[in-house]
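This report describes selected features of secondary structure and packing. The sequence and the structure are shown below.

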Amino acid sequence: MPVSTGRERAACSGRVDPDGTGRWTPERRISPRHIRRPSPWPPQGPALDGPTLAVDCLRPIRLQRLELTHFRNIERLDLTLDVPRLLVVGANGEGKSNLLEAVELLGSLRSHRTGSDRDLIRHGEPGAVLGCCTVAGDRLRLALRRQGGRQASRNGRTLERQQDLLGSLRCVGFSALDLDLVRGEPSLRRHWLDRVVLQLEPLYGELLSRYGRLLRQRSQLLRRGLGGAELAGLLDAFDQQMALVGTRLHRRRHRALRRLEPLAAAWQERLSGGLEQLRLHYSSGSELPGEEAEEPWRMALASQLAAQRPEELRLGQCGVGPHRDDVALLLGERPARRYGSAGQQRTLVLALKLAELELVGSVVGTPPLLLLDDVLAELDPTRQQLLLDAVGEGHQCLVSATHLEAFGGGWRRHCQVVRMQAGRVG
Amino acid sequence: MIEQFERLPGIGPRTAQRLALHLLRQPEEQTRSFAEALLAARSQVGHCRRCFHLSAEPLCEICRNPERANGQLCVVADSRDLLAMERTREYHGGYHVLGGLISPMDGVGPELLQIQSLVRRVAGQADPALPDSPTADPPTADSSIEEVILALTPSVEGDTTSLYLARLLRPFTRVSRIAYGLPMGSELEYADEVTLARALEGRRPVE
Ligand SMILES: [Zn+2]
């Protein structure tokens, strides 16, 4: 199996020729028209033959080289990815998930494992540097510092805002945490939806962090008893901002969910044999009247914020807004969270993730990178195979597991295997 | 000495080292006058009693200048932002320096900022900071404020402060805020003069 630490390889060049044909024709690798609709179950023959997310492309490498310095337990790593499927193998705590997390950060500026950059920096070091080269010729670099925040650059130019790094490397993550998507807390489904919207509209990140800060400031205001006689006036100032930012979050989540629903329903039908219709219902944390429109929603949210204030003063918690959102997953009009079997729930998780992958791919125009962190081994062989068939060869996949044996045979074809031990590639 | 320099904003270890070595190479006389200037500044510079800008006198240069009492009052978070506004040379009114922004996370509520004094200035009440003020101060200067311009960073804290102030001040005067041609999350202090001047022109009432 080809293992490369990359140091001896040519440094990132600009554009490469992934097909070895001497031409680079992006149209061939990206068209969402090539995503075929799911067909009835059960499929004919041993392999699923129609529906797949795969596009007509043999070497869909988007991420070509990854360089990490002082990231988590990784002192230094320089890895060249030359086949579309990378399997990272290592015992827990050796650093395999860290490698995938680094790619997630470069693609989305977020980690599903932590909200604090301090967790991401190697012990005793002042900062970490994450870098990668994409096939399109972009060199992305993200520096994390214990003090002074982040700094992002593209092709050697420092970016004024780290958000400007987004867009070059889209990825969809699927981790063991996602397995609880159906039966877990509402926050899991909110974060799932947020990750989808983030890949569709990178600016969403600014709205999210602004809303999060408003919420923290507001709760500190109550907790610390600041404001005194001025409390009402201060809360008014927060209401006004939260009504606006909250409405924008509601609208984007609502919109993304409407686009996800038909895709998820189609995957669910295909994966489960099509007995029950899947619906995704947006249970928003505010009452949103009528059709999606900014002004009426903002006014509704403002009046609900005002109405809940006595309760908020009693409990110390703001009772309306997107931080109370949930997504109800209904199978045959019954909440899968309560009525679904464990197997149904797991199939549903798979359908949701595939819908996400399909939506991001079709909106963006290129199949996103798929990061499967410690999740494949959690799926039984049938679902592993379903996932493989659905993903096909069209997506670059980075997959982590504790043992190579955790991967079904199909996953081990045409792959590059990397073993992580104590933060080193061995 | 290197450590002392490193504590200053914007100074890294290498710059600190360079500054320290440079000072050691200076004639003793020069080092002495530098140290004295530092101490003198520390002991003499306080805050202007009216606008709370840094000032060695009880009233700062801007407050002492009668031409700048033109009916406009620009509210900034700190003296750095005031200096940034001054560099535009487009603004000819008075100032009020809040001394920070409302940020409950950092324990900063309105009572820690120069908000009451601002309301008093705008409401035209007698200025208790100036009962026996020097002669240079025209006593009616502040009772005729026609417009308050809020020039606060468009962060959550800046916007919260702006909205809060707008409600307090609107009964007494017109309140506007500078429009930001600045990217969200950027700091007023680092904006170039052109951007700031344009933003000042494009100010609009707080809705
Ligand atoms: Zn003054």
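## Strand pairing and helix packing

In this predicted model, strand β10 (residues 326-331) of chain A is joined to β9(A) by 6 bridges, and the two strands run antiparallel. Within this pairing, A:Ser283 stands opposite A:Asp326 of β10(A). Both strands belong to an open sheet of 3 strands in chain A, ordered β9-β10-β11 with antiparallel pairing. The edges of the sheet are formed by β9 (278-283) and β11 (334-335) of chain A; each has a single partner strand, so one side of each lacks a neighbour in the sheet.

Chain A also contains a helix pair, formed by α3 (residues 186-200) and α5 (residues 231-272). Two packed helices are described by the angle between their axes and the distance between the axes. Here the angle is about 90° and the axes are 10 Å apart. Angles of 65 to 115 degrees count as roughly perpendicular, and α3(A) and α5(A) are therefore roughly perpendicular to each other. The residues that make the contact are listed by helix.

| Helix | Residues in the contact |
|---|---|
| α3(A) | A:Leu193, A:Val196, A:Val197, A:Leu200 |
| α5(A) | A:Arg252, A:Arg253, A:Ala256, A:Leu257, A:Leu260 |

By class, the contact of α3(A) with α5(A) comprises 7 nonpolar and 2 charged residues, with no polar residues.

Chain B has 8 helices and 7 strands. Of the 207 residues in chain B, 29% are buried. Among contacts in chain B between residues at least 6 apart in sequence, 55% join residues at least 24 apart.

How values were computed: Residues are numbered from 1 along each chain as its sequence is written. Chains are lettered from A and ligands numbered from 1 in the order in which they are written. This is a predicted model: local features need pLDDT of at least 70, side-chain atom pairs count only at pLDDT 80 or more; totals for chains, interfaces and linings use all residues. Axes are lines fitted to C-alpha atoms, for helices over the stretch in contact, and angles run from 0 to 180 degrees between N-to-C directions. Helices (H or I, at least four residues) and strands (E, at least two) are DSSP runs, numbered from the N terminus. Angles under 35 degrees count as roughly parallel, over 145 as roughly antiparallel, 65 to 115 as roughly perpendicular and the rest as oblique. Two residues are in contact if their C-beta atoms, placed from the backbone, lie within 7 Å. Ala, Val, Leu, Ile, Met, Phe, Trp, Tyr, Cys and Pro count as nonpolar, Asp, Glu, Lys and Arg as charged, and the others, Gly among them, as polar. A residue is buried if 20 or more other C-beta atoms lie within 10 Å of its own, exposed if 12 or fewer, and partly exposed in between; C-beta atoms are placed from the backbone. Two strands pair if DSSP finds at least two bridges between them.
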